[in-house]
Amino acid sequence: MISVSPTLSVRLARDASDRAEAERLRYDVFVRELGGDGAMVDHAAGRERDRFDAVADQLLLIDEARPEGAQVVGLYRLLDAAGAARMGQFYTEDEFDLDPLRSTGRTLLELGRSCLHRDYRGGTAMFRLWQGLAALVEARGIEILFGTASFKGADPAMHAGPLALLARDHLAPPELRVKSRQSCHLEMPGSSGIDRVGAMRAMPPLIKAYLRLGGRVGQGVFADTAFNTTDVCMILDTATAPAGPRARYGTRG
């Protein structure tokens, strides 16, 4: 067990039962709420999955006070370089050119499928999950975290204000600046006349959280019609983030 609180614990998925429960939560969030779909989504069983699940770890937020079979209330899917080598790519490489990250020679970890059960949003649950992630990052010597983060709706024009703010104030340095594989969405919206307050209000909570941790974005966006999202690539360099690992993930105290 990686991290324990009086009500919540964080650990890696251990068996097929854990993975099935995680996939049911993913279905609730990414299919029922966001309208996503995919070749391996099992609508009959209510499970969201894809081919990368065969090699990825799933970091689970567990509430043992809930009924058995419904105790997974949050998760991250984690893919390291070894898993990516087995698949021939990281998941994110379907959307962004990761050559800048690969060329650093540093230890990479891809974060994906981040989600919380609706009853656990807006409280301390995400911080508990980050506690587990921070411990794992330290244990494995991870140097760069990355992955896609999403706006709801696959039309980037719907999110012009927040995207312009990201491009102006939070672009990754050139040596880490991955680029969208959609040439039509390679340029972010213009930054003139940004309503910063309004743009931050419209920013998804997870992206705002990553920005507070020192996260930066790659160049451009990817309109993911299958998942009905507009995706940015978030990058966190653990060497330049503004605090130590546990503080970075909201785990002070």
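Arg-77 lies over the face of Tyr-91, 5.3 Å from the ring centre. The charged end of Arg-113 likewise sits over a ring, that of Phe-30, at 5.9 Å from its centre. A charge is taken to sit over a ring if NZ of Lys or CZ of Arg is within 6 Å of the ring centre and within 35 degrees of the ring normal.

The model is predicted: local features need pLDDT of at least 70, side-chain atom pairs count only at pLDDT 80 or more, and totals for chains, interfaces and linings use all residues. Residues are numbered from 1 along each chain as its sequence is written, and side-chain values use heavy atoms, with hydrogens and water left out.

**Aromatic pairs**

Rings of Phe, Tyr and Trp (its six-membered ring) pair if their centres lie within 6.5 Å; planes under 30 degrees apart count as stacked, over 60 as edge-to-face and the rest as tilted. By this rule there are four aromatic pairs, including the two tabulated here.

| Pair | Centre to centre | Angle between planes | Class |
|---|---|---|---|
| Phe-30 and Phe-227 | 5.9 Å | 65° | edge-to-face |
| Phe-127 and Trp-130 | 5.7 Å | 90° | edge-to-face |

Phe-30 belongs to helix H1 (residues 16-33), whereas Phe-227 is in the loop between strand E10 (222-224) and strand E11 (229-237); the pair thus links distant parts of the chain, 197 residues apart. Helices (H or I, at least four residues) and strands (E, at least two) are DSSP runs, numbered from the N terminus. Both Phe-30 and Phe-227 are buried, where buried means under 20% relative accessible area, exposed over 50%, and partly exposed in between (1.4 Å probe, protein chains only).

Phe-127 and Trp-130 both lie in helix H4 (residues 125-140), three residues apart, which is about one turn of the helix. Phe-127 counts as partly exposed because its relative accessibility is 38%, while Trp-130, at 4%, counts as buried.

**Helix H7**

Within helix H7 (residues 205-212), the buried residues include Ile-207, Ala-209, Tyr-210 and Leu-211. The buried residues of H7 pack against strand E4 (72-80), strand E6 (108-116), H4, strand E7 (144-152), helix H5 (160-169) and E11. Gly-214, with a positive phi near 95°, follows H7.

**His-159**

His-159 is located in the loop between E7 and H5 and, at 9% relative accessibility, counts as buried. A polar atom of the His-159 side chain lies 3.1 Å from the backbone oxygen of Lys-152. Neighbours within four places in sequence aside, His-159 is in contact (heavy atoms within 4.5 Å) with Phe-151, Lys-152, Gly-153 and Thr-230.

Conventions:
Polar contact = N/O pair within 3.5 Å; in protein donor to acceptor, adjacent residues only side chain to side chain.
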